[in-house]
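Hi,

Here is the structure I promised to pass on.

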Amino acid sequence: MTATQSTHTAHTPRAARYLYLTRHGEATPDEGALTPTGRHQATLLGERLRGVPLSAVHHGPLPRAAETARLIGDQLDGVPAHVCEPAGDYVPYTPRRDELPADSADFLLEFVHRFPPEERARGPLLARAAEERFTGPVDGPEDRHELVVTHNFLIGWLVRAVLDAPKWRWLGLNQCNAALTVIRYPPPGRPPSVLFSNDMAHLPAPLRWTGYPPELRITS
């Protein structure tokens with residue numbers, strides 16, 4: 001890098017990125033489409049986001065994510081939608097036994113190893129691509145607001161990263177269908193922050209907690 005390039009880089013303005021993350025709406029048993037509940041969830045989330053100055057909606061390639069993004073987009077004013085493989089459904093990281101708490105290692109490893117080896121090998125590459133595309137401050141003087149319609153694992157992975165938690169800790173960070181998580185990535189010099197996580201305020205009580213492990217649901 002030349003002295004001129006270095007000076008230019010030092011004075012290039014950077015603004016904050018606001019990353020809105022949601023898991024797709026409730027899906028049918030074969031995961032090929034949304035249920036009526038899932039479609040209602042997606043529509044209500046779109047209504048909640050109407051006042052947000054979103055510049056883009058990114059979504060994974062699977063039908064349940066694409067349909068959720070379309071229904072959200074129907075409530076927005078001309079926000080472009082983009083299919084994006086790194087926003088898909090994959091295992092972002094497979095932990096080693098020695099990384100895990102001894103009392104839960106068997107349970108966690110059994111869960112992760114349900115997924116085929118080829119999927120577990122490819123997942124970290126997609127997670128890295130998602131981090132490169134969706135995280136960090138943005139070039140220019142204007143803040144950017146983007147929505148990613150994705151799946152449970154990627155949201156857990158990105159929240160874990162903001163909190164500087166161990167890599168394996170994406171496990172157990174569960175997301176409800178059509179809940180909202182927002183991460184702010186400020187200009188350099190300040191750390192990112194989770195503004196809120198797994199927020200279901202836009203969903204009436206009968207539409208909450210779907211997609212969440214039954215033993216972890218709070219219904220009162």
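Is Asp 164 buried or exposed? Asp 164 is exposed, because its relative accessible area is 70% (exposed is over 50%, buried is under 20% and partly exposed is in between, with a 1.4 Å probe and protein chains only). You'll find Asp 164 in the loop between helix H6 (152-162) and strand E7 (180-185). Its phi is positive, about 55°, although Asp 164 is not a glycine.

Before you go further: this is a predicted model, where local features need pLDDT of at least 70 and side-chain atom pairs count only at pLDDT 80 or more, while totals for chains, interfaces and linings use all residues. Residues are numbered from 1 along each chain as its sequence is written, and side-chain values use heavy atoms, with hydrogens and water left out.

Asn 198 also has a positive phi, near 55°, in a residue other than glycine. Asn 198 sits in strand E8 (residues 193-199) and is buried, with a relative accessible area of 13%.

Now the overall picture. The protein chain has six helices and eight strands (DSSP runs numbered from the N terminus, with H or I for helices of at least four residues and E for strands of at least two). From the N terminus, the order is α-β-β-α-β-α-β-α-α-β-β-α-β-β. Of the 220 residues, 48% count as buried.

Leaving aside residues up to four places away in sequence, Gln 41 touches Gly 25, Glu 26, Asn 177, Ala 178, Leu 203, Leu 207 and Thr 210 (contact means heavy atoms within 4.5 Å). Across the protein chain, if you take contacts between residues at least 6 apart in sequence, 73% join residues at least 24 apart.

And the cysteines? Cys 84 is buried at 2% relative accessibility, and Cys 176 is buried too, with a relative accessible area of 1%. A search of the whole structure turns up zero disulfides (pairs of cysteine sulfur atoms within 2.5 Å).

Cheers
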